[in-house]
Amino acid sequence: MILACLAISMAALEPLAFREHSIAEGLRGGYQVTATDVNGDGKIDLIALASGMSELVWFEGPSWKRHVLATGLNRMINLAAADVDGDRIPEIVIAHEFQNEAARSIGIVSLLTHDGDPSQPWKVREIDRLTTSHRIRAARIDGRIVFINAPLTGAKAVGPDYRDRTPLVLYRPGEWKREVISNEDEGVVHGLWVGRWKSKQDVILTSSLKGIHRYEWTGKSWKRTQIAAGDPAPWPRSGSSEIAPGEGWYASLEPWHGNQVVVYNPRRQVIEDQLVDGHVLLTADFDGDGKSEILAGYRGQGRSVYLYRQNRGKWIRETLDNGGIAAAGCEIADLNGDGCPDVACIGSATANLKWYENLGRHSNARGR
C-alpha cells in the first residue's frame with residue numbers, strides 16, 4: 001500500500017483529499033490525542049485526553065470502541081506511551097492536576113500499567129510532583145526509553161510575565177526518579193518535540209518565550225543550543241509556542257498560543273498570520289513526494305485545521321477541517337493500514353474526536 005501512497009506524487013500539484021470520520025463527542029476540554037497500540041493487537045488505537053474529565057479513555061481501532069484506561073485523574077494535560085518491558089503493550093506516563101498558575105498547580109506525574117487485560121482499567125501509580133508539569137514525551141537515549149517532562153513554567157512564575165527558570169526533566173523506567181536535563185530556560189515553555197533530527201539518536205526541541213532550543217545527549221551531559229529566537233516581539237509575546245522539523249528546515253507556531261505559522265530555512269518566513277489561539281503544529285509527508293507538509297490547527301474563532309504544502313518555493317494552504325473542531329491536539333499516524341499518514345484531532349470547545357482519512361489527490365481519490 002505504500003506504493004499506492006507514493007503514486008500520488010506523480011501528478012501535478014493538486015489539493016490533497018481527506019475523508020472525515022467522527023469518533024466521539026462529549027470529551028469535555030479535549031486536549032491531546034495519542035496514537036498507539038494500546039492492547040498489543042497490531043492495530044493503532046487512539047487515547048483521548050480531555051482536561052475537563054476525570055476519565056482517561058481510549059478508542060480501539062479500527063472499530064473505535066470506547067474503553068476506560070483510568071478514572072480519578074483530574075485536570076489531565078498530557079501523556080506519552082511507550083512499551084518499556086517488551087510485552088507489546090505500552091506503559092503510559094501522564095501529567096495531571098495542572099493549572100497555568102504555578103501556585104495553584106500540583107503537577108502530579110503518574111505511571112499507568114495494565115493489569116493483564118488492557119481493555120480493563122489500568123493501575124495508576126504516582127511517581128512525581130513537579131509544578132505545572134505540562135508536556136510528556138518518550139525518547140530513546142543511549143538505546144533506552146526515557147520519559148521527558150517539560151513543565152509550563154517555573155514554580156515561582158506569575159502571569160502575565162511568568163518570569164522564572166523553567167526546568168526540563170526525565171524519568172528512567174524502573175527507577176522513576178526525576179533527573180534534571182536543564183534549568184536554563186525561562187518563562188513559558190509550551191512546545192516539546194522529541195525525535196531524530198540531524199542526529200543519530202533522539203534529540204529534544206523546546207519552544208518557549210526565550211525561543212527554540214535543542215537538547216542533545218553527548219554521552220556524558222546534555223548540550224543545549226538555541227536554534228532560533230522566535231517572534232521578536234517584546235516579552236511575553238516573544239518566542240515560540242510549538243516546534244516541528246522538516247527536511248533541512250523547521251516550522252514554528254508563534255508566539256505563545258499565537259497566530260503565526262513560521263518556517264525557518266534558514267531565515268524566518270511567516271507563512272500564516274490568521275490563526276486564533278494556535279495550538280497544533282506537526283509535519284509529515286502526506287502526498288508521498290519525499291517532502292514534509294505542515295499541519296497547523298487552532299482553538300479560537302474559526303476553529304480550523306490547515307495543511308501547508310510547498311509549490312515552487314511557496315507554501316500553499318489547504319483546509320483539512322473548516323470550523324468543525326477546536327483543535328487542541330492532533331496526531332499523525334496510519335490509522336487504516338494503507339501505508340499513508342492520516343490525521344486524528346481532538347477539540348477543546350467542540351469536545352470531539354475525529355480522524356481524517358488520507359485519500360491522496362482529488363484525481364486519485366475518485367471512486368474510493
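## Largest pocket

The largest pocket has a lining of 34 residues, and Arg137, Trp193, Leu282, Cys330 and Glu331 lie nearest its centre. Its volume is about 910 Å³. The model is predicted.

Seven named strands each give at least two residues to the lining of this pocket: S2 (30-36), S6 (78-82), S10 (133-141), S14 (189-195), S18 (242-245), S22 (278-284) and S26 (327-333). By class, the lining of the largest pocket divides into 22 nonpolar, eight polar and four charged residues.

## A four-stranded sheet

Strand S10 supplies lining residues to the largest pocket. S10 also belongs to an open sheet of four strands. The order is S10-S11-S12-S13, and the pairing is antiparallel. S10 and S13 (178-186) are the edge strands, each pairing on one side only. From one strand to the next, the twist averages 25°.

Strands of a sheet pair through backbone hydrogen bonds, in either a parallel or an antiparallel way. Here S10 and S11 (residues 144-151) run antiparallel and are joined by eight bridges. Which residue in S11 is the bridge partner of Ala138? The partner is Phe147.

## Aromatic pairs

A pair of aromatic rings is described by two values: the distance of the centres and the angle of the planes. Across the whole structure, a search finds 10 aromatic pairs. One of them joins Tyr162 and Trp256. This pair is edge-to-face, at 5.6 Å centre to centre and with 85° between the planes. Tyr162 sits in the loop between S11 and S12 (165-171), while Trp256 sits in the loop between S19 (250-254) and S20 (260-264), so the pair ties together parts 94 residues apart in sequence. Are these residues buried or exposed? Tyr162 is buried, and Trp256 is buried too.

Trp249 and Trp315 form another aromatic pair, also edge-to-face. Its rings are 5.2 Å apart centre to centre, with 75° between the planes. Trp249 lies in the loop between S18 and S19, and Trp315 lies in strand S25 (residues 314-322), so this pair ties together parts that are 66 residues apart in sequence. Trp249 and Trp315 are both buried.

## A ring cluster

Some rings are linked into a cluster. Which residues form it? Ring pairs link Trp197, Tyr250 and Tyr264.

Methods: Residues numbered from 1 in each chain as written. Predicted model: local features only at pLDDT ≥ 70, side-chain atom pairs only at ≥ 80, totals over all residues. Heavy atoms only, no water. 1 Å grid on protein atoms, 1.4 Å probe; cavity = no way out; pocket = protein on both sides within 12 Å on 5 of 7 lines; lining within 4 Å. Points joined across faces, edges and corners; volume = space filled by probe spheres on them. Nonpolar A, V, L, I, M, F, W, Y, C, P; charged D, E, K, R; others polar. Pairing = 2+ DSSP bridges. Axes fitted to C-alpha atoms, helices over the stretch in contact; angles between N-to-C directions. Phe/Tyr/Trp six-rings, centres within 6.5 Å; stacked < 30°, edge-to-face > 60°. Buried < 20%, exposed > 50% of the residue type's maximum accessible area, 1.4 Å probe, protein only.
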